[in-house]
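Here is a short tour of a protein model, written to be read with the structure open beside you. Take a moment to find your way around, then follow along.

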Amino acid sequence: MSQGGGPGAGGEEVAPPGVDTSTPHSARMYDWWLGGKDNFAADRAMGDAFIQAIPTIKTMAKENRKFLGRAVNYLVADAGVRQFLDIGTGIPTRPNLHEDAQAVAPETRVVYVDNDPIVLAHARALLVSSEQGRSEYIHADLRKPQEILSDPALLQTLDLSKPVALMMVAVLMLLKDAEDPWGHTRELMDALPSGSYLTITHPGREFDEEAMEVIRSSAERGGMTVIPRTKADVARFFEGWDLVEPGVVPVMAWHPDGELADPNGAFYWAGMARKR
């Protein structure tokens, strides 16, 4: 069977302790879209419902992943960042963030944060690091930023007096407006020193209002929260920090590797900003 979950011998669904396989989870849906095996029937059913609304959503997931690689390369190679705090890590998909970062700067340190027990089951795989660097995993929730910031694993891995790249890739959509994702993000931002960076991707309403509403309502019926937001709502997360060019743009258009046939082909906004 796979390490974290998915079909076991004879085809039965096998899960680590504490994993509710009856309710879909965004990390496991994302794993399925990317061709992984750590997902269950409920995840695949909801993932398929999303595909019915947006047939290219698997490609969009891959584009989001490609953006992560470009962003990490920029932060390490161009901005000189050597510390990362990755909120909403998801199930490991190689190359992982620390592998990309340490390929450029082996001394880079990374703390991963997620609240899915399947990600916890994969933590050992995540923690394989370079000899000079370090990577750690925290099982915690974005809704409790102070618990993240005070976790001993974070404090032993990151030096919060030096710049940190806060990565929030495809995670803020999981909080409703009433849960104040802007406030939780700001608590994390305020704990970081000058020269730190915030990187975000987020599903955008404007790309296809009808399809995004189908996704929001389908997720709600399945016991999940997925909130697409407008470009202005995403830009609010960066307030007070200096946006890196080209600002908040479609994810494929952020420092693309080459010419784009359709920069709006993946329905995510993406942006990065630096703390003054």
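Buried means under 20% relative accessible area, exposed over 50% and partly exposed in between, using a 1.4 Å probe and protein chains only. Helices here are DSSP runs of H or I with at least four residues, numbered from the N terminus.

## N39 in the loop

N39 sits in the loop between helix 1 and helix 2, and N39 is buried, with a relative accessible area of 3%. Its side chain makes a polar contact of 2.9 Å with the side chain of D31 and another of 2.8 Å with the side chain of R44. A polar contact is a pair of N or O atoms within 3.5 Å; within protein, one must be able to donate a hydrogen and the other to accept it, and residues adjacent in sequence count only if both atoms are side-chain atoms.

## About the model

This is a predicted model, in which local features need pLDDT of at least 70 and side-chain atom pairs count only at pLDDT 80 or more, while totals for chains, interfaces and linings use all residues. Residues are numbered from 1 along each chain as its sequence is written, and side-chain values use heavy atoms, leaving out hydrogens and water.

Terms used
Helix = DSSP H or I, 4+ residues; strand = E, 2+ residues; numbered from the N terminus.
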